[in-house]
Amino acid sequence: MGCMFSLPQDRLAAAERTPQIRETSFIEKMKKTNRNVVVFYGSQTGTAEEFANRLAKDAHRYGMKGMAADPEEYDLSELSRLKEIPNSMAVFCMATYGEGDPTDNAQEFYDWMQGTDDDLEGVNFAVFGLGNKTYEHYNATGKYTDKRLVELGGKRVFDLGLGDDDSNLEEDFISWKEQFWPAVCEFFGVEPTGEDSCIRQFELVVHNDINMNQVYAGEMGRLNSFQTQKPPFDSKNPFLAPVNVNRKLNKGGNRHLMHVELDLTDSKIRYDAGDHVAVYPTNDASVVNRLGERLGVDLDTVISLKNLDEESNKKHPFPCPTTYRTALTHYLDINNMPRTNVLYELAQYASDPQEQENMRKMASASSEGKALYQSWVVDSERNILAILEDLPSLNPPIDHLCELLPRLQARYYSIASSGKVHSNSIHICAVVIEYTTKTGRVFKGVATNWLKNKDVTDNGHKPTVPMYVRRSQFRLPFKASNPVIMIGPGTGIAPFMGFIQERAWQKDQGKDVGETILYFGCRHRNEDFLYQQELEDFERAGVLTQLNVAFSRDQEHKVYVQHLLKKNKEQLWKLIHSNNAHIYVCGDARNMARDVHTAFYEIAEEMGGLTHTQAVDYFKKLMTKGRYSQDVWS
């Protein structure tokens with residue numbers, strides 16, 4: 001079965017048991033299953049896929065039949081054939097990832113759009129983009145898709161929607177959807193059917209006598225893949241890496257910053273400095289248990305959720321058969337705030353009319369409803385357990401809850417080591433997320449708390465972490481003699497530990513290595529100066545030609561990395577303008593990356609005599625040439 005690795009994880013199980021020829025023509029599939037709306041999603045963390053499913057489900061309210069589709073599974077060069085289906089349209093939910101890039105699953109579609117000259121006349125479409133305003137290339141993929149489909153002759157049914165994850169992506173989506181469907185009705189001359197969309201997509205099957213070897217226990221793809229590991233390892237087949245080291249990095253303060261080393265021996269996994277490691281965490285067992293108690297169920301019941309739509313590629317919402325405990329531990333996101341569609345669909349299970357009304361109101365597009373969702377769910381950071389605790393009359397069947405919750409996603413970390421130096425291990429540097437919310441509950445980040453507890457015991461027992469490597473564009477210059485300027489405060493230091501190790505290795509190889517300059521920032525010199533010993537050793541060895549550290553709270557006024565950049569403006573401008581230096585920025589996108597940008601603009605204006613517009617343009621060009629790279633998160 002040659003196509004197996006292109007199947008998304010939740011479809012592998014079904015595909016393995018029934019070797020069938022998969023339909024790669026979405027047009028034929030639509031004709032066969034009598035659909036006229038196809039919703040494609042470019043999704044990296046699952047949100048765009050979730051939105052696409054919601055739109056496909058909405059279609060039946062308007063007498064249309066929708067299907068959500070992964071562009072990686074179908075041949076999108078058939079888009080011009082969509083006009084063969086009467087009253088049809090394609091909707092695209094497109095997330096932007098990294099530095100304005102398409103998501104992995106939309107890369108082929110993106111390449112096709114760039115290269116094609118197909119005539120899309122008669123093809124009706126709409127686009128909703130998912131992005132984040134803190135990033136330089138806000139919603140680049142959604143904007144490009146919308147613009148390109150028009151250029152190719154497509155007919156835009158409704159305006160491009162832009163969702164901003166920095167404020168409230170859910171609200172942006174609801175507001176767009178609220179105007180989108182009336183526009184669709186007008187365009188096709190259809191009427192809302194008045195049907196409610198609380199229609200179950202999956203049916204519950206309880207397995208009373210099943211061999212536990214046939215039950216998923218947390219695997220992402222192949223059943224029992226955690227017992228018998230076979231390369232190649234990727235998102236569908238993660239490697240269980242033993243934890244060799246897990247130590248606290250900071251010497252004081254109330255945070256926990258950690259350095260974790262994963263053992264790659266026998267995995268055949270290769271990586272380069274600057275790549276990302278993805279890990280699959282599990283939810284906190286105590287939260288899972290409390291959910292089971294609150295819903296009054298035996299979590300060890302073995303179940304499958306089977307798609308009621310026989311024709312769907314998505315046979316199950318997560319690998320089945322499995323237990324409720326495994327689903328809530330490994331497969332479902334129970335820690336984040338539920339989106340409004342979850343509240344809407346669960347509202348029917350609240351016996352108190354007021355609680356039911358509030359749940360429906362929060363899912364509506366009314367300003368009152370949006371404000372209630374914002375304050376009661378978003379600002380208060382209520383996850384599904386908190387909602388169940390605070391709405392005592394709400395008693396949903398656990399299988400419906402499991403159908404509605406989004407998938408628990410892999411978490412990406414910038415690798416803090418060099419594959420040339422540490423070929424058998426990957427290092428992670430992360431800060432444990434834990435704080436008290438407005439309702440007095442303690443919010444704990446799923447992955448960082450899970451990693452923190454992966455202790456290597458005295459008797460040598462090593463816990464494991466399911467992981468794979470995701471390639472990135474964040475790379476040292478091809479020529480070792482190019483100077484590098486690295487700016488990474490806090491855990492933003494991670495990829496630069498890899499870069500510095502690699503520059504030391506290049507030096508040992510006898511290469512001519514250019515200047516290697518680091519700007520690091522933390523709160524206090526004797527609390528959270530991460531990797532102080534290693535960095536000072538590299539400086540003594542002449543590998544790090546300059547180590548600049550901003551201690552923000554060691555003096556009256558705050559000092560950050562951008563202040564140090566301004567202080568060294570002459571040297572920096574010479575390196576950038578005359579010596580072909582490469583600049584790297586890693587860490588917080590919301591404030592730091594922006595402030596660093598601004599500092600560089602000011603340096604170009606003051607030292608190079610550029611106007612502000614010219615300065616912005618100057619650094620844009622450096623980005624295009626790959627001489628200004630960012631690895632940022634918000």
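**Values against definitions**

Analyst: Let's start with contacts, meaning heavy atoms within 4.5 Å. Among those in the protein between residues at least 6 apart in sequence, 76% join residues at least 24 apart. Keep in mind that this is a predicted model, where local features need pLDDT of at least 70, side-chain atom pairs count only at pLDDT 80 or more, and totals for chains, interfaces and linings use all residues. Residues are numbered from 1 along each chain as its sequence is written, and side-chain values use heavy atoms, with hydrogens and water left out.

User: How do you know that the radius of gyration agrees with a compact globule?

Analyst: The rule is 2.2 Å times the number of residues to the power 0.38, with the radius taken over C-alpha atoms. For 634 residues that gives a value near 26 Å, and the protein has 26 Å, so the two agree. The C-alpha trace spans about 70 × 60 × 50 Å along its principal axes.

User: What makes Thr103 buried or exposed?

Analyst: Buried means under 20% relative accessible area, exposed means over 50%, and partly exposed is in between (1.4 Å probe, protein chains only). Thr103 has 0%, so it is buried. Thr103 sits in the loop between β4 (101–102) and α4 (107–115); strands here are DSSP runs of E, at least two residues, and helices are runs of H or I, at least four, numbered from the N terminus. Leaving aside residues up to four places away in sequence, Thr103 touches Gly42, Ser43, Gln44, Ala95 and Tyr97. Across the protein, buried residues make up 56% of the 634.

User: Why is the pair Arg54 and Glu170 called a salt bridge?

Analyst: The label needs a side-chain nitrogen of Lys or Arg within 4 Å of a carboxyl oxygen of Asp or Glu. The closest N and O atoms of Arg54 and Glu170 are 2.9 Å apart, and the pair forms a salt bridge. Arg54 lies in helix α3 (residues 47–58) and Glu170 in helix α6 (residues 169–188), so the pair ties together parts that are 116 residues apart in sequence. Both Arg54 and Glu170 are buried. The whole structure has 38 salt bridges.

User: What about Lys147 and Glu151: what makes them a salt bridge, and where do they lie?

Analyst: Their N to O distance is 3.6 Å, and that counts as a salt bridge. Both lie in helix α5 (residues 140–151), 4 residues apart, about one turn of the helix. Lys147 has a relative accessible area of 44%, so the label is partly exposed. Glu151, at 47%, is partly exposed too.

User: Which residues are linked in a network of salt bridges?

Analyst: Asp272, Asp275, Lys420, Arg471, Arg475 and Glu502.

User: What makes Glu381 and Tyr531 stand out in phi?

Analyst: Most residues other than glycine have a negative phi, and most peptide bonds are trans. Glu381 has a positive phi near 50°, and Tyr531 has one near 55°. Glu381 is in the loop between α11 (367–379) and α12 (384–390), and at 27% relative accessible area it is partly exposed. Tyr531 is in the loop between α16 (525–528) and α17 (532–540); at 5% relative accessibility, Tyr531 counts as buried.

User: Where are cis peptide bonds found, and what is omega there?

Analyst: One joins Pro231 and Pro232, with omega about 0°. Another joins Cys320 and Pro321, again with omega about 0°. Pro232 is in the loop between β8 (202–206) and β9 (239–248), while Pro321 is in the loop between β12 (302–307) and β13 (322–323).
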